[in-house]
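Please examine the sequence and the three-dimensional model shown here. The paragraphs that follow lead through confidence, fold, cores and selected local contacts.

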Amino acid sequence: MTSTLLPQPAPLGSPSSSVPQVDSAARLTLHPLPNHRSVVDGAWWPRSSDAAAELPGLIAAADRLLDRVTLRIGVHGDAWQNIPPRVPARGRQVRIGWFRYTDPRVITLSFASGDPVVLLVIPPGTPAGAAEATLRLSAQDIAGLALDGILDRVNEGRTATSTGERSAPV
């Protein structure tokens, strides 16, 4: 299975909200409050690895859920196909930067103000049960867990369920 930072944090949701924000059409979840100890702020499950086809939907969903305007997206250059330099979005062009030094399992959304949002990218071919478990876990309080730890917890839950054992709540 298989994302970067700015000044003045802006909340990902209202402070009274403790329910993860979900856009099921875009297959995106976001933790409702920023946590600087978490390695990701949510997860995204694209339908393909074609950046030109997938990023417009992500931008629209993130803008709506965060009530912010996405200005730039950072992706790993080897993890995506057909990476355009810009993507049209609601009256503007969102710049797309690709890098080889970032983790290929993440994507970063940057805004005019506030911290960027880092999303765990669930590979398009991931089975629905595993992808949905990862979406749910990524929107929870996962402070202190590295990407591998998040993925291990999802895999542990799937293994325990498939062997009939009860898994601890995540």
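This is a predicted model: local features need pLDDT of at least 70, side-chain atom pairs count only at pLDDT 80 or more; totals for chains, interfaces and linings use all residues.

Residues are numbered from 1 along each chain as its sequence is written, and side-chain values use heavy atoms, with hydrogens and water left out.

For the protein chain the mean pLDDT is 77, and 71% of the residues reach 70 or more. Over residues 1-18 the pLDDT is below 50, and this stretch has 58 contacts in the model beyond near neighbours in sequence. A contact means heavy atoms within 4.5 Å. Over residues 160-170 pLDDT also stays under 50, and the model has eight contacts beyond four places in sequence for them.

The protein chain contains three helices and eight strands. Helices (H or I, at least four residues) and strands (E, at least two) are DSSP runs, numbered from the N terminus. In that direction the elements follow the order β-β-β-α-β-β-β-β-β-α-α. Of the 170 residues of the protein chain, 47% count as buried; buried means under 20% relative accessible area, exposed means over 50%, and partly exposed lies in between (1.4 Å probe, protein chains only).

The interior can be described through its nonpolar cores. A nonpolar core is a set of buried Ala, Val, Leu, Ile, Met, Phe, Trp, Tyr and Cys residues joined through side-chain atoms within 4.5 Å. The largest such core has 25 residues, and those with the most contacts inside it are L28, W44, L55, I73, I107 and L119. The elements that give two or more residues to this core are β2 (28-30), α1 (51-66), β4 (70-76), β5 (86-89), β6 (92-99), β7 (106-111) and β8 (117-121). Among these, α1 gives the most, with eight residues. A second, separate core of 15 residues includes A131, A133, L137 and V154.

W44 also takes part in an aromatic pair. Rings of Phe, Tyr and Trp (its six-membered ring) pair if their centres lie within 6.5 Å; planes under 30 degrees apart count as stacked, over 60 as edge-to-face and the rest as tilted. By this rule there are two aromatic pairs. W44 and W80 form a stacked pair, at 5.6 Å centre to centre and with 15° between the planes. Because W44 lies in strand β3 (residues 42-44) and W80 in the loop between β4 and β5, the pair ties together parts that are 36 residues apart in sequence. Both W44 and W80 are buried.

Two arginines are placed over aromatic rings. A charge sits over a ring if NZ of Lys or CZ of Arg is within 6 Å of the ring centre and within 35 degrees of the ring normal. The charged end of R27 sits over the ring of W45, 3.6 Å from its centre, and R68 lies over the face of F111, at 4.2 Å from the ring centre.

The next region is the pairing of β5 with β6. Two strands pair if DSSP finds at least two bridges between them; β5 and β6 do so in the antiparallel sense over four bridges. R86 stands opposite R95 in β6. On β5 the covered face carries V87 and A89, and the uncovered face carries R86 and P88. The two strands form a hairpin with two residues between them, and R90 in the turn has a positive phi of about 30°. At 65% relative accessibility, R90 counts as exposed. Most residues other than glycine have a negative phi. N82, in the loop between β4 and β5, also has a positive phi, near 50°.

Two further positions link parts of the chain that are separated in sequence. V40 is found in the loop between β2 and β3 and counts as buried, at 2% relative accessibility. G57 lies in helix α1 and is partly exposed, with a relative accessible area of 39%. From G57 to A89 the C-alpha distance is 9.1 Å, and the two are 32 residues apart in sequence.

Methods. pLDDT is the predictor's confidence in each residue, from 0 to 100.
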